[in-house]
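I opened my notebook to look through a new structure. I wanted to know what pairs with what, and what lies inside.

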Amino acid sequence: MDSLPGLPDLHRHLDGSLRPATVKALASAHGLEIPEPLGFFAGMGLRAALACFDFTLALLQQPEEVRRVAAEICEDAQAEGVTSLEIRFAPQLHRGAPAPEIVDAAIDGVAGRAGLILCGLYGEPPTVLEGHVAVAASRPQVVGIDLAGGPGSGDDWSLADYQTAYQQAREMGLGRTVHAGEGRPAAEIRQAVELLHAQRIGHGVSLLDDPELVAQVCERGITIEACLSSNLQTGAISSLAAHPIAAWLERGVSVCINTDNTLFSRVDAVSEHRLALQLPGMDDVRLAQAIACGHAALFRR
Ligand SMILES: [Zn+2]
């Protein structure tokens, strides 16, 4: 495929997708030194990858900073040819204002160019995510909720404890995605599907370990949000060739290709779609299939 059609990007984190120039400007304004290297590298592991967000979040505490980055992400995605865009973030991590004000700042920055997904975090009290659902109720620009990060051994709350928030979202017609099976067993994906009624799964790399679940994912029309470079860097896959995207498409699973974090992974929507095309089992037809899946899986309210 010489030129790519309008692309989807449904899994792009606000706090991992700043422009390098904006990182510089905000770090300077805050008198902070930029850690070197700032970003993911192959084999670093999920924990170290998640720690990268500590620095960018320090730059994004105020509503104005959130507004700016949300706007820039929309401009960048548009320049990449993205025509279906969703941006996600966890408003509770931006403490310069109450969560509804942070969400409104993002809405303002996006200005109708993307849907917003509000993230709860693994291990966090479920009331936080339930609060996001309440914030979304009066804001149609918020199109979905997500559970992000990853489970920790000392967590007081498990995936099942977020059922109330997901049920409320479901009743409201709010989209539901979950980071699941990101280098963790397929049982986590199953829980996300069966307990949280997820319509999309972030990463889901272990899906094929459970053939019955694969059938269920196909039957329910659940879309897997694949993030190739990110998966390699966090160690969720051992090599790019080991990514199951081609096998998923072959089995009829709905799969889309996403950036996850353009800053940290040094990617954009074009580079990730081109990368997918290089994987064993991928060809123009399968790439077109993934692109169509992404557009179709956009959350609509
Ligand atoms: Zn993610």
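My entries below go from strands to helices, core and salt bridges.

**Entry 1: the kind of model**

I noted at the start that this is a predicted model.

**Entry 2: strand β3**

I began with strand β3, residues 115-121. Is β3 enclosed or open? I found six of its seven residues buried, so the rest of the structure largely encloses β3. Next I looked up its partners. Strand β2, residues 82-89, runs parallel to β3, and four bridges join the two. Ile87 has Leu116 of β3 as its bridge partner. Strand β4, residues 142-148, also pairs with β3 in the parallel sense, over six bridges. There I picked out Ile117, whose bridge partner in β4 is Gly144. I then followed the chain from β3 to β4. It passes through helix α5, residues 126-137, and this β-α-β crossover is right-handed.

**Entry 3: helix α5**

I stayed with α5 and checked its length. The helix has twelve residues and spans 17 Å from first to last C-alpha. That is close to the 16 Å expected at 1.5 Å a residue. Which residues of α5 are buried? I listed Pro126, Leu129, His132, Val133, Val135 and Ala136. I also looked up what covers them. The cover includes α4 (99-110), β3, β4 and α6 (163-172).

**Entry 4: strand β5**

I moved on to strand β5, residues 175-180. Six of its six residues are buried, so β5 too is largely enclosed by the rest of the structure. I sorted its side chains by direction. Gly175, Thr177 and His179 point one way. Arg176, Val178 and Ala180 point the other way. I set a general rule beside this: side chains in a regular strand alternate between the two faces of the sheet.

β4 pairs with β5 in the parallel sense, over two bridges. Gly144 has Gly175 as its bridge partner in β5. The chain gets from β4 to β5 through α6, in a right-handed β-α-β crossover. On to β6: this strand pairs with β5 in the parallel sense over four bridges. Ala180 stands opposite His203 of β6. I wrote down one more right-handed β-α-β unit, made of β5, α7 and β6.

**Entry 5: the nonpolar core**

How many residues are in the largest nonpolar core? I read off 89. The members that touch the most others are Leu14, Ile87, Val178, Ile201, Leu207 and Ile245.

I took Leu14 for a closer look. I left aside its neighbours within four places in sequence. Its contacts are then Leu60, Val66, Val69, Ala70, Ile73, Ile87, Arg88, Phe89 and His94.

**Entry 6: Leu50**

I checked Leu50 next, in helix α2, residues 46-58. Its relative accessibility is 24%, which counts as partly exposed. Beyond residues up to four places away in sequence, Leu50 touches Gly149 and Gly150. I also took its distance to Gly221: 171 residues in sequence, and 29 Å from C-alpha to C-alpha.

**Entry 7: salt bridges**

How many salt bridges are there? The count comes to 16. I started with Arg19 and Glu72, whose closest N and O atoms are 3.9 Å apart. Why does this pair interest me? Arg19 is in the loop between β1 (7-13) and α1 (20-30) and Glu72 is in helix α3 (residues 63-80), so the bridge ties together parts 53 residues apart in sequence. Arg19 is partly exposed at 26% relative accessible area, whereas Glu72 is buried at 11%.

Glu72 also forms a salt bridge with Arg68, at 3.0 Å from N to O. These two are four residues apart in α3, about one helical turn. Arg68 is partly exposed at 28%. I noted the network of salt bridges that links Arg19, Arg68, Glu72, Glu75 and Asp76.

Arg190 is in helix α7 (residues 186-194) and Asp210 in the loop between β6 (200-203) and α8 (211-220), so parts 20 residues apart in sequence are tied together. Asp210 counts as buried, at 17% relative accessibility.

Key
Residues numbered from 1 in each chain as written. Predicted model: local features only at pLDDT ≥ 70, side-chain atom pairs only at ≥ 80, totals over all residues. Heavy atoms only, no water. Salt bridge = Lys/Arg side-chain N within 4 Å of Asp/Glu carboxyl O. Buried < 20%, exposed > 50% of the residue type's maximum accessible area, 1.4 Å probe, protein only. Core = buried A, V, L, I, M, F, W, Y, C linked by side-chain atoms within 4.5 Å. Contact = heavy atoms within 4.5 Å. Pairing = 2+ DSSP bridges. Right-handed = clockwise from strand over helix to strand, strands pointing away. Expected span 1.5 Å × (residues − 1).
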